[in-house]
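Q: I would like to go through this model with you, starting with what counts as a contact. Could you set that out before we turn to the details?

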Amino acid sequence: MPFRFAMSSFESFVLAVQKHAPSLSVERLRQAYAFAKTRSRDLPSALSTAEILLTLHPDEEALTVALLHGVDLEDKILLIDLERNFGSRLVPLLKALHKLATIRVNGVPEAAADNLRKLFLTMA
């Protein structure tokens with residue numbers, strides 16, 4: 001059954017994860033949120049992204065990437081911290097997500113470009 005929610009806090013998000021995806025590690029998501037809280041350019045957007053992604057029944061890694069997508073990947077020390085805290089697979093996923101966000105298709109309406117981003121994300 002699809003679910004809808006309007007969350008205003010990370011704790012509401014955690015409750016939704018526990019209800020709809022109990023096999024996921026809430027502790028890892030807490031760690032990602034705490035990391036993003038101090039280093040993200042847009043934490044509300046990251047939380048909203050994770051909330052939307054939760055409706056698609058993602059794995060833990062996808063939700064972690066969603067929570068961390070606002071961090072600055074140009075900072076080499078930050079990349080080392082990300083890898084140390086979340087594993088070696090996370091940094092390439094974050095970089096791919098950042099690339100998807102910057103795709104511009106000349107002559108294609110924004111809605112169509114969004115559909116292409118979704119297609120690429122699904123194929124990844």
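A: Contact here means heavy atoms within 4.5 Å. Please keep in mind that this is a predicted model.

Q: Understood. What covers the buried residues of α4?
A: The cover of those buried residues includes α1, α2, α3 (43–54), α5 and α6.

Q: And which residues of α4 are buried?
A: They are Glu-61, Leu-63, Thr-64, Val-65, Ala-66, Leu-67 and Leu-68. Seven of the nine residues of α4 are thus buried, so the helix is largely enclosed by the rest of the structure.

Q: What does Glu-61 form a salt bridge with?
A: Its partner is Arg-89, and the closest N and O atoms of the two are 3.4 Å apart. This pair links distant parts of the chain, with Glu-61 in helix α4 and Arg-89 in the loop between α5 (76–86) and α6 (90–101), 28 residues apart.

Q: Is Arg-89 buried or exposed?
A: Arg-89 counts as exposed, at 56% relative accessibility.

Q: How many salt bridges does the structure hold?
A: There are four salt bridges in the structure.

Q: Which residue forms a salt bridge with Glu-60?
A: Arg-28 does, with 3.4 Å between the closest N and O atoms. Here too distant parts of the chain are linked: Glu-60 belongs to helix α4 (residues 60–68) and Arg-28 to helix α2, 32 residues apart. Glu-60 is partly exposed, with a relative accessible area of 22%, whereas Arg-28 counts as buried at 18%.

Q: What else does Arg-28 touch?
A: Leaving aside residues up to four places away in sequence, Arg-28 touches Glu-60, Thr-64, Phe-86 and Leu-90.

Q: Let us move to another salt bridge. What does Arg-30 pair with?
A: Arg-30 forms a salt bridge with Glu-11, and their closest N and O atoms are 2.8 Å apart. Arg-30 lies in helix α2 (residues 26–39) and Glu-11 in helix α1 (residues 10–20), so the pair ties together parts that are 19 residues apart in sequence.

Q: What about the accessibility of Arg-30 and of Glu-11?
A: Arg-30 counts as partly exposed at 29% relative accessibility. Glu-11 is also placed in the partly exposed class, at 41%.

Q: A change of topic: helix packing. At what angle do the axes of α2 and α5 cross?
A: They cross at roughly 165°, and the axes come within 11 Å. Angles over 145 degrees count as roughly antiparallel, and α2 and α5 are therefore roughly antiparallel to each other.

Q: Is the crossing of α2 and α5 left-handed or right-handed?
A: The crossing in which α2 passes α5 is right-handed.

Q: Which residues make the contact?
A: On the α2 side they are Arg-28, Gln-31, Ala-32, Phe-35 and Arg-39. On the α5 side they are Leu-78, Asp-81, Leu-82, Asn-85 and Phe-86.

Q: And what is that contact of α2 with α5 like by class?
A: By class, the contact has five nonpolar, two polar and three charged residues.

Q: So where does Arg-28 come into the picture?
A: Arg-28 lies in helix α2, forms a salt bridge with Glu-60, and is one of the residues through which α2 makes its contact with α5.

Technical notes: Residues numbered from 1 in each chain as written. Predicted model: local features only at pLDDT ≥ 70, side-chain atom pairs only at ≥ 80, totals over all residues. Heavy atoms only, no water. Salt bridge = Lys/Arg side-chain N within 4 Å of Asp/Glu carboxyl O. Helix = DSSP H or I, 4+ residues; strand = E, 2+ residues; numbered from the N terminus. Buried < 20%, exposed > 50% of the residue type's maximum accessible area, 1.4 Å probe, protein only. Axes fitted to C-alpha atoms, helices over the stretch in contact; angles between N-to-C directions. Parallel < 35°, antiparallel > 145°, perpendicular 65-115°, else oblique. Left-handed = near helix turned anticlockwise from the far one by under 90°. Nonpolar A, V, L, I, M, F, W, Y, C, P; charged D, E, K, R; others polar.
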